[in-house]
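The structure is shown first, and the points follow by topic.

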Amino acid sequence: MIGDWLDIGPVDQVSPGNARTLPVVGAEEIAVFRTLANEFFALINKCPHKAGPLSQGIIHGNVVTCPLHGWNISLRTGEALGEDKGCVPTIPLRVDAGRIYLLRAAVVAGFNAA
Ligand code: FES
């Protein structure tokens with residue numbers, strides 16, 4: 001079962017209220033977010049509006065505000081909130097024994113399709 005999940009390191013690599021990026025060879029960069037409530041989420045690091053780097057946005061609650069034009073994106077669903085329309089793919093993530101795991105199939109999907 002553990003082989004289905006990719007260990008990307010300790011939770012401490014992402015401080016509360018911040019994000020880190022994870023480059024993926026042959027696929028889109030992933031952003032791993034940690035909220036102030038210590039929840040973790042992973043999204044493709046591209047705003048559904050004009051591909052702004054969501055990892056550089058401001059995190060509030062379970063939402064990130066894109067640094068380019070201020071769209072609010074749900075970290076849970078990847079959907080734009082309010083009147084804005086669009087959705088960015090999310091990557092299933094789990095935390096176990098202080099380490100962050102991403103669903104391997106979701107991370108390499110783009111690579112396998114190439
Ligand atoms: S690119 Fe994110 S709001 Fe425009």
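Two residues are in contact if their C-beta atoms, placed from the backbone, lie within 7 Å. On that basis, 43% of the contacts in the protein chain between residues at least 6 apart in sequence join residues at least 24 apart. The model is predicted.

**Overall fold**

- Read from the N terminus, the order of elements is β-β-β-β-β-β-β-β-β-β-α.
- The protein chain has a radius of gyration of 13 Å, close to the 13 Å given by the globule rule for 114 residues, so it is as compact as a globular protein of that length.
- The C-alpha trace of the protein chain extends over about 40 × 35 × 20 Å along its principal axes.
- Buried residues account for 25% of the 114 residues in the protein chain.

**The β5-β6-β7 sheet**

- An open sheet is built from three strands in the order β5-β6-β7, with antiparallel pairing.
- Because β5 (58-60) and β7 (72-74) each have a single partner strand, they stand at the edges, and one side of each is left without a neighbour in the sheet.
- On average, neighbouring strands of this sheet are turned by 30° against each other, direction ignored.
- Strand β6 (residues 63-65) runs antiparallel to β7 and is joined to β7 by three bridges.
- Within β7, Ile-73 is the residue that stands opposite Val-64.

**The largest nonpolar core**

- The largest nonpolar core has 24 residues, and the members that touch the most others are Ala-31, Phe-33, Ala-42 and Leu-43.
- At least two residues of this core come from each of β3 (30-34), β4 (40-44) and β10 (99-103).
- In soluble globular proteins, nonpolar side chains tend to be buried together.
- Apart from neighbours within four places in sequence, Ala-42 is in contact with Ile-30, Ala-31, Val-32, Thr-90, Ile-91, Leu-93 and Leu-102.

**Phe-33**

- Strand β3 contains Phe-33.
- Phe-33 counts as buried because 23 other C-beta atoms lie within 10 Å, where the cut-off is 20 or more.
- With residues up to four places away in sequence left out, Phe-33 touches Ala-19, Phe-40, Phe-41, Ile-59, Val-64 and Leu-75.
- Phe-33 and Gly-52 are 19 residues apart along the chain, and their C-alpha atoms are separated by 15 Å.

Key: Residues numbered from 1 in each chain as written. Predicted model: local features only at pLDDT ≥ 70, side-chain atom pairs only at ≥ 80, totals over all residues. Core = buried A, V, L, I, M, F, W, Y, C linked by C-beta atoms within 7 Å. Buried ≥ 20, exposed ≤ 12 C-beta atoms within 10 Å, placed from the backbone. Helix = DSSP H or I, 4+ residues; strand = E, 2+ residues; numbered from the N terminus. Pairing = 2+ DSSP bridges. Axes fitted to C-alpha atoms, helices over the stretch in contact; angles between N-to-C directions. Rg over C-alpha atoms; globule rule 2.2 N^0.38 Å.
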